[in-house]
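Please look over the sequence and the coordinates shown here before reading on. The paragraphs after them are meant to be read with the model open.

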Amino acid sequence: MNYQLLFQKAKDKGIEDIQIYQTNNGNFDITVFNGELEKYAISDSSRLKIKGLYNGKMGTVNTEINNDDMIDFIVDGIIASANAIDSEDEVFIYEGDDHYKEVEGLYNDSLETVDAKEKINATLNLEKQVKSIDKRIQMVQAFYGEATTNVLLKNSKGLTLEKKVNSGVYGVYAIASDGTDQRTGVEYIQSNDYNDFDFEKIAKEASKTALDMLGAKAIPSGEYEVVLKNTASAALLAAHGSMFSAESVQKDVSLLKDKVGDKIASSNITLVDDPFKKASTKSGAFDDEGVATKYKEIIDSGNLTGYLHNLKTAKKDNTESTGNGFNNGISTTNFYFKPGELAYDDAVKSMKKGLVITDLQGTHAGTDAVSGDFSLQALGYLVEDGKITRPVALITAAGNYLDLLKDVTDVCDDLKFNFGFIGSPSLKIKKLSISGD
Amino acid sequence: MLDKNLIKTVLDRALSTNGDFAELFMEDTVKTSVAMISSKVETASSNRLFGVGIRIARNYHTVYGYTNNIDKDSLLQLADDLAQSFLGKSQDIEFELGELQEGNDHHIEVLPVDVPMEDKVDMLRRANKVAREYNDEVTQVNVRLVDSVQNVWIANSEGTYIKDRRVHVRMPIAVVAANETTKQTGFYGPGGHIGYEFFKKHVSVEEAAKEAARIAIVNLHAEECPSGKMPVVIDNGFGGVIFHEACGHSLEATSVARKMSVFTDKIGEQIASPLVTAIDDGTIPNGWGSQSFNDEGERQRKRVLIQDGVLKSYMVDKINSRRMDGEHTGSGRRQSYKFAPTSRMSNTYIANGKSTFEEIIQNTKYGLYAKKMGGGSVNPATGDFNFSVGEGYMIRDGKIAEAVRGATLVGTGADILKKIDMVGNNLLREQGMCGSASGSIPADVGQPTIRVSEITVGGRKGAN
């Protein structure tokens, strides 16, 4: 599309300022099952998000058709959308920052130097490797996925920003069976540096998760001391990210309203939003509004330091955007708890009677970021006298997320990310209410 | 739409190597969404989704690609790139595309495009007003109106050449109620494969808003749910999510064909209590999960999954049927051109039994009454499921007692099916979005009120 023409036509119709955010995606995905390539998918697609300021309101239109024929549809759509809005919050198109950080490692060409055939072979080998570990591994699906995204942001205030990001992921889904019980394990490595793909590690971890869980049963209901494993903790954090959004606070749907400066978590908790993390699809020097992103510790040693802002919420609170304006709202970038020093094994050893929670299921349904209450299906291991004695399934773990953050007694050194952008080390927790037998 | 000759050329090109099946799926969708929060219209947007997906199969191996460039060269390039992954000579499959058949099983009166924005905003205002006036403790109302018109064209090397239009409207309403100690949420989001007449003929905006507010207030005053194993009465309507999650997903060919499901090779076996008959019906007029043609260009149909406790059928798409050596059941669905289709549910429900609601409650000495269910998930390999209770009450001595919140039910599908010991006569279907390998699609869940003799209930109050 001729963007100058779009900007001109918009201006002619009374749209004061306009911004386009264009993404072009190339994807490649393969899945291997039973020694054969089962799925092979390629794609090339683009998407255009346009927003325009009309009579002080921000109208938005999104389209996957990107040609000059769409200009009238876009301009009319922005006006219709703006006319419907009656929120009085002040909104504007951003003129840009003086400096944008040079972010390293957003794009790594090591992924494209390996051809499709080699990636297919690597995936086939990965499946074989998992199967060879143990006879009880009955079924394996191995996969590789790769995405490259080009972003162009351009607005009528003269701002033009671009970035190119890529990412690859190798993983396996394994099913183990001992004849009576069947258990699953998933493991993957996400990176854009091909050298990071440690196939042996993926194979070992996925098979171990499935095998170790065989024979899992419930435990009696009660309160248990818990070690919440890194990936399970990260899944729980992901479900509660919206608590930290200034939008939730301003709409009075966050428990953290009026809590800036307060101690909301145990002193060993520091929560980071870092847009500069290497090999993450969420990294970049600017957000969707063109604001320069920045590193911040939103919880510093247990104290809430502030909220995540976009332009609109910042204006309302008379502060500056934190560079978290994504998808017409507010999102975290790379969001994680800083690791501590305790080894995971030592955390397990330190429990006389407790539970290791390795997995929390259904976080989209069993959590409520408004109240912080959660009740979730959990998998894990029973710990007696510092030793793991058996696998545990068909239980639920319930609590309130803010209470949980206050009950963290120790933080492990094993920071791990889900999907490359939401992370946690394993956390030792004073108590959680467990429902089982 | 693409020219029929061009489609034929692209499909021929897709079969230029060793593939035995080629399909082209084109989509042109307009979605609009208007949202009100804090009593103000905060966002309004329109989305145009457009693209073409090409699928080639040889036996049960498939390749899939999509693009939003639909000029001849781009499409032929995509077909070539995909065909390259099948080595060997062309099978010289000859076919002709017939006359375009159009799906019109679901009568639509008021198309979204014919509803002026002012009218949509007025509906939001009415819902917002009713929810806020329901009770002083209501502190926030987030009401949205979302509609979409999805036009799809599907052509394949079996000669299929169809067009289908899917029109959906829905009003999701989230109400927050608060007091000094807590904030709780109530949610209700009715919708259908229907136009805006839905809000006149089926559920009024006011009724929907009142229901969301009612649930929020009940939860605000509820006690924490006790935990442990107990009988659970699951009410009609969205309660059907238990069957959807715990059993439905495990009956999809996506897991059955790979023998990854607990129900693999169990056709003809008693897998559920004899009280249970379960159906997946994609033909229900204006049903949320209904279609005229599915996303592989096949007619939608009604499938009896379980009859009197005996497993009768899986849900199977074309390609997985090749792995299973059987017929497909017309179950291929997908979110958009960005997904290859696979076997999915449509409108899935447990059929009516004989008990009345009152009988079920009266016959329960102690247990949980789950009046409204939230969402959940399942691991199809183990059958382990979890789902949250949106509105719950304790049952004591055959009577509904105090409200409880924060309950989660966990169990395994195979186990729960056998433990259903009462089935009511008040079948109701409600709307949900179902996420799986081929994306997020509208799907109805439903059931009459049922009782399960024992489920693990997780709550924050601890064991009794």
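What follows goes from the interface between the chains to a helix and then to single residues.

This is a predicted model, in which local features need pLDDT of at least 70 and side-chain atom pairs count only at pLDDT 80 or more, whereas totals for chains, interfaces and linings use all residues. Residues are numbered from 1 along each chain as its sequence is written, chains are lettered from A and ligands numbered from 1 in the order in which they are written, and side-chain values use heavy atoms, with hydrogens and water left out.

Between the two chains, 68 residues of chain A are in contact with 70 residues of chain B, contact being heavy atoms within 4.5 Å. The area buried between chain A and chain B is about 5,400 Å², and carbon and sulfur atoms give 49% of that area; buried area is the accessible area (1.4 Å probe) that two parts lose on being put together, summed over both. Across this interface the rule finds ten salt bridges, each a side-chain nitrogen of Lys or Arg within 4 Å of a carboxyl oxygen of Asp or Glu. B:Asp384 forms a salt bridge with A:Arg183, with 3.0 Å between the closest N and O atoms. On the side of chain A that touches chain B, the largest share, twelve residues, comes from β2(A); helices (H or I, at least four residues) and strands (E, at least two) are DSSP runs, numbered from the N terminus.

That strand of chain A, β2 (36-54), is also among the elements against which the buried residues of α2(B) pack, together with α1 (4-14), β2 (40-58) and β3 (61-67) of chain B. In α2(B), the buried residues are B:Leu75, B:Leu76, B:Leu78, B:Ala79, B:Leu82 and B:Ala83, where buried means under 20% relative accessible area, exposed over 50%, and partly exposed in between (1.4 Å probe, protein chains only). Seen down the axis of α2(B), the buried residues fall within an arc of 155 degrees, so they line one face of the helix; the arc is that of the directions from the helix axis to the C-beta atoms.

Elsewhere in chain B, strand β5 (residues 138-156) holds B:Ile154, which is buried with a relative accessible area of 0%. Not counting residues up to four places away in sequence, B:Ile154 touches several residues, including B:Phe25, B:Tyr161 and B:Asn294.

B:Glu211, in helix α5 (residues 205-220) of chain B, is also buried, with a relative accessible area of 17%.
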